[in-house]
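Let us read a structure together, one feature at a time. Look first, then follow the dialogue.

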Amino acid sequence: MEHYLKPLDATQQPAWQALRAQRERMQQFSLRAAFAADPQRFQRYSLSQAGLFLDYSKNLIDAGSLSALIELARQMKLQPAIEALFEGRPVNASERRPALHTALRRPVGERVLVDGVDVMPEVHRVLGQMTELVQRIHNGLWRGYTEMPITDVVNIGIGGSFLGPQLVSEALLPFAQRGVRCHYLANVDGSEFHEVTAGLRAETTLFIVSSKSFGTLETLKNAQAARRWVLAQGCREADLHRHFIAVSSNREAAVAFGIAAENIFPMWDWVGGRYSLWSAIGLPIALAIGMGNFKELLAGAYAMDQHFQSAPFEQNMPVLLALLGVWYGDFWGAQSHAILPYDHHLRNFNQHLQQLDMESNGKRVRQDGSAVSCGTGPVIWGGVGCNGQHAYHQLLHQGTLLIPADFIVPVVSYNPVADHHQWLYANCLSQSQALMCGKTLEEAEAELRAQGLAEAEVQRLAPHKVIPGNRPSNTLVLERVSPRRVGALVALYEHKVFAQSVIWGINAFDQWGVELGKELGKNLYGRLTGEDASPAADSSTQGLIDYFRARHRG
């Protein structure tokens with residue numbers, strides 16, 4: 001077994017024992033006191049890379065604890081694992097294959113071997129195929145069955161074939177090309193299909209069917225519905241190829257569906273769905289923002305790749321974020337992590353990160369199948385900016401749970417309205433500051449006395465106004481949300497997730513837990529339709545089947 005797949009147990013490393021001692025030592029650690037004692041704390045715990053600025057000074061760390069965390073990364077052989085990832089070695093042990101999403105953003109001239117074959121020529125061939133398609137559509141040369149140019153593109157896909165492309169195309173809306181609107185269809189719920197197609201005309205709509213197997217249930221059902229919808233509006237079967245393209249490794253199934261062979265873009269086994277937006281799965285992104293901007297997105301991710309490979313751990317942005325997550329999850333008892341983008345266009349960033357992080361690191365066995373002996377991936381949640389301040393931020397500030405948070409904010413808005421952006425940025429900073437500082441009982445009492453309240457009222461209200469503070473957060477600042485910076489931002493979290501998987505000894509690139517529900521769903525469908533008369537394996541599921549069937553008969 002390769003050295004990066006050996007079943008190292010983090011909890012048995014000397015650095016893990018050192019971190020336990022550090023945690024005990026920091027029982028009374030105060031961020032307020034740390035900032036007061038060290039005027040250089042912000043400079044000491046911040047860095048800039050690939051167009052992103054990271055302030056991690058508001059974390060429950062000092063020189064001793066950070067040094068022990070970095071030593072843990074070394075003892076868990078993180079650097080050899082990073083090299084293995086980029087060299088195309090089989091870091092996905094259970095499926096015996098590499099995870100080479102990073103190859104998708106490498107420039108011409110670089111070589112990456114998989115089973116002795118350089119994959120880079122094929123990667124750039126597909127980029128060329130994407131460029132040709134995007135230009136044809138943007139120039140009005142791709143025509144529908146009535147010879148009208150395409151005005152709307154609907155991406156049919158789910159999971160990584162949906163979340164990543166949706167995030168990026170929304171994030172880069174200011175870069176949207178005129179004349180083509182992109183829409184997303186993921187859920188098998190018929191209401192979503194009707195909502196997406198309600199304002200569209202078949203003669204000017206192109207569907208992208210994104211499915212590696214061309215058999216993913218939700219995607220296939222929506223593709224079949226789209227096919228019926230196009231035919232019902234007057235398209236002949238012979239002209240279906242004008243309205244459908246595919247991103248799939250199952251060319252035969254795509255051709256049988258009615259998609260021309262030249263309009264099928266490949267997917268490779270060495271790219272997982274949640275890491276695939278850099279491939280032809282990113283076609284809706286390229287159609288939304290143009291191929292030039294799509295290549296800028298790749299360039300930003302490549303810049304972060306280079307940083308992740310070469311920077312020492314002490315100045316390595318993905319590694320530092322990964323280690324902080326391990327610190328809070330395994331030593332401070334944190335079970336979730338909040339993602340809080342202060343930018344409307346990044347409003348769905350946390351949804352992409354939910355899949356990226358939770359599907360990758362929601363594992364309970366190490367690479368060799370042995371049980372982990374520590375906590376692994378956290379629950380990822382959050383939402384956009386100021387909205388959360390009037391909802392769940394209350395829990396962050398005064399709840400009993402420790403919930404680390406990442407604040408993400410641009411310096412410049414593409415849509416300035418009066419002084420709105422200054423207030424937005426101020427709100428972002430005030431939230432991280434409030435999490436760190438809190439409000440003491442003495443401060444609450446002084447505040448109430450200054451309002452002229454009677455002492456009895458001061459004593460009654462003051463405990464309710466105490467905010468403990470000492471809640472950790474990172475702040476990621478972008479000068480503006482641009483293709484290159486968004487590429488770097490997404491790649492930053494990809495590498496953070498991978499680094500954590502190495503420290504925990506788990507496989508970030510399989511998802512067997514997802515498969516069980518799919519298998520059971522196929523069996524239950526037959527019982528719901530009456531094709532299978534055998535009883536379900538448990539009374540709860542059988543009772544719910546009976547409830548459904550009784551009301552459908554009615």
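**Reading a strand and its sheet**

Q: Why is β7 described as largely enclosed by the rest of the structure?

A: Buried means under 20% relative accessible area, exposed over 50%, and partly exposed in between (1.4 Å probe, protein chains only). In β7, 6 of the 6 residues are buried, so the strand is largely enclosed by the rest of the structure. Strands (E, at least two residues) and helices (H or I, at least four) are DSSP runs, numbered from the N terminus. This is a predicted model: local features need pLDDT of at least 70, side-chain atom pairs count only at pLDDT 80 or more, and totals for chains, interfaces and linings use all residues. Residues are numbered from 1 along each chain as its sequence is written, and side-chain values use heavy atoms, with hydrogens and water left out.

Q: Which residues point which way from β7?

A: Thr 205, Phe 207 and Val 209 point one way. Leu 206, Ile 208 and Ser 210 point the other way.

Q: What is the strand order in the open sheet?

A: Two strands pair if DSSP finds at least two bridges between them. Here the 5 strands run β6-β5-β7-β8-β9, with parallel pairing. The edge strands, β6 and β9, each pair on one side only.

Q: How many bridges join β7 and β8?

A: They pair over 4 bridges, in the parallel sense. Ile 208 stands opposite Ile 245 in β8. Strand β5 pairs with β7 over 5 bridges. There, Asn 155 has Ile 208 as its bridge partner.
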